[in-house]
Amino acid sequence: MGVRDILAANLRALRRRQGLSQEELAYRADIDRTYVSALERGVYAATIDILERLARALDVQAWELLKP
């Protein structure tokens, strides 16, 4: 399992656990919804800036998005 796959699984799980839609998460993180979708599918790797925005929006530490 690569870093993209780990990020994808953790992002999807955390978002769903909090009952957020991709659209709501994207709004809170100030990124495009299609980018959230691509991250959850492992299409793209996220930059440090994007990881920080997503973590802030999900109220977790950035490292939690990358923890296997």
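Asp 30 is exposed, with a relative accessible area of 60% (exposed means over 50%, buried under 20% and partly exposed in between, with a 1.4 Å probe and protein chains only). Asp 30 sits in the loop between H2 and H3, and its phi is near 55°, a positive value in a residue other than glycine. This is a predicted model, in which local features need pLDDT of at least 70 and side-chain atom pairs count only at pLDDT 80 or more, while totals for chains, interfaces and linings use all residues. Residues are numbered from 1 along each chain as its sequence is written, and side-chain values use heavy atoms, with hydrogens and water left out.

**Overall build**

- The protein has four helices and zero strands, where helices (H or I, at least four residues) and strands (E, at least two) are DSSP runs numbered from the N terminus.
- Read from the N terminus on, the elements run α-α-α-α.
- The radius of gyration is 10 Å, close to the 11 Å that the globule rule gives for 68 residues, so the protein is as compact as a globular protein of that length. The radius is taken over C-alpha atoms, and the rule is 2.2 Å times the number of residues to the power 0.38.
- Along its principal axes, the C-alpha trace spans about 30 × 20 × 20 Å.
- Buried residues make up 40% of the 68 residues.
- Among contacts with a separation of 6 or more, 55% are between residues 24 or more positions apart; contact here means heavy atoms within 4.5 Å.

**How H1 packs on H4**

- Two packed helices are described by the angle between their axes and the distance between the axes.
- Helix H1 (residues 3-17) and helix H4 (residues 48-58) pack at an angle of about 25°, with their axes 11 Å apart. The axes are lines fitted to C-alpha atoms, for helices over the stretch in contact, and angles run from 0 to 180 degrees between N-to-C directions.
- That angle makes H1 roughly parallel to H4 (under 35 degrees counts as roughly parallel, over 145 as roughly antiparallel, 65 to 115 as roughly perpendicular and the rest as oblique).
- The crossing of H1 and H4 is left-handed, a term used if the near helix is turned anticlockwise from the far one by less than a right angle, with right-handed used if clockwise.
- On the H1 side, Leu 7, Leu 11, Leu 14 and Arg 15 meet Leu 51, Leu 54 and Leu 58 of H4.
- By class, this contact of H1 with H4 has six nonpolar, no polar and one charged residues. Ala, Val, Leu, Ile, Met, Phe, Trp, Tyr, Cys and Pro count as nonpolar, Asp, Glu, Lys and Arg as charged, and the others, Gly among them, as polar.

**How H2 meets H3**

- The axes of helix H2 (residues 22-29) and helix H3 (residues 33-40) come within 8 Å and cross at roughly 110°.
- H2 and H3 are therefore roughly perpendicular to each other, and their crossing is right-handed.
- Gln 22, Glu 23, Leu 25 and Ala 26 in H2 touch Arg 33, Val 36, Ser 37 and Glu 40 in H3.
- By class, the contact of H2 with H3 has three nonpolar, two polar and three charged residues.

**Residues to look up in the viewer**

- Leu 7 lies in helix H1 and is buried, with a relative accessible area of 3%. Leaving aside neighbours within four places in sequence, Leu 7 is in contact with Leu 39, Ala 46, Leu 51, Leu 65 and Leu 66.
- Asn 10 also has its place in helix H1 and is buried, at a relative accessible area of 18%. With neighbours within four places in sequence left aside, Asn 10 is in contact with Glu 64, Leu 65, Leu 66 and Lys 67.
- Tyr 44, in the loop between H3 and H4, is partly exposed, with a relative accessible area of 43%. Beyond its neighbours within four places in sequence, Tyr 44 is in contact with Arg 4, Tyr 35, Ala 38 and Leu 39.
- Tyr 44 and Asp 5 are 39 residues apart in sequence and 9.9 Å apart in space, C-alpha to C-alpha.

- Most residues other than glycine have a negative phi.
- Asp 59 has a positive phi of about 60° although it is not a glycine.
- Asp 59 is found in the segment after H4 and is exposed, with a relative accessible area of 71%.
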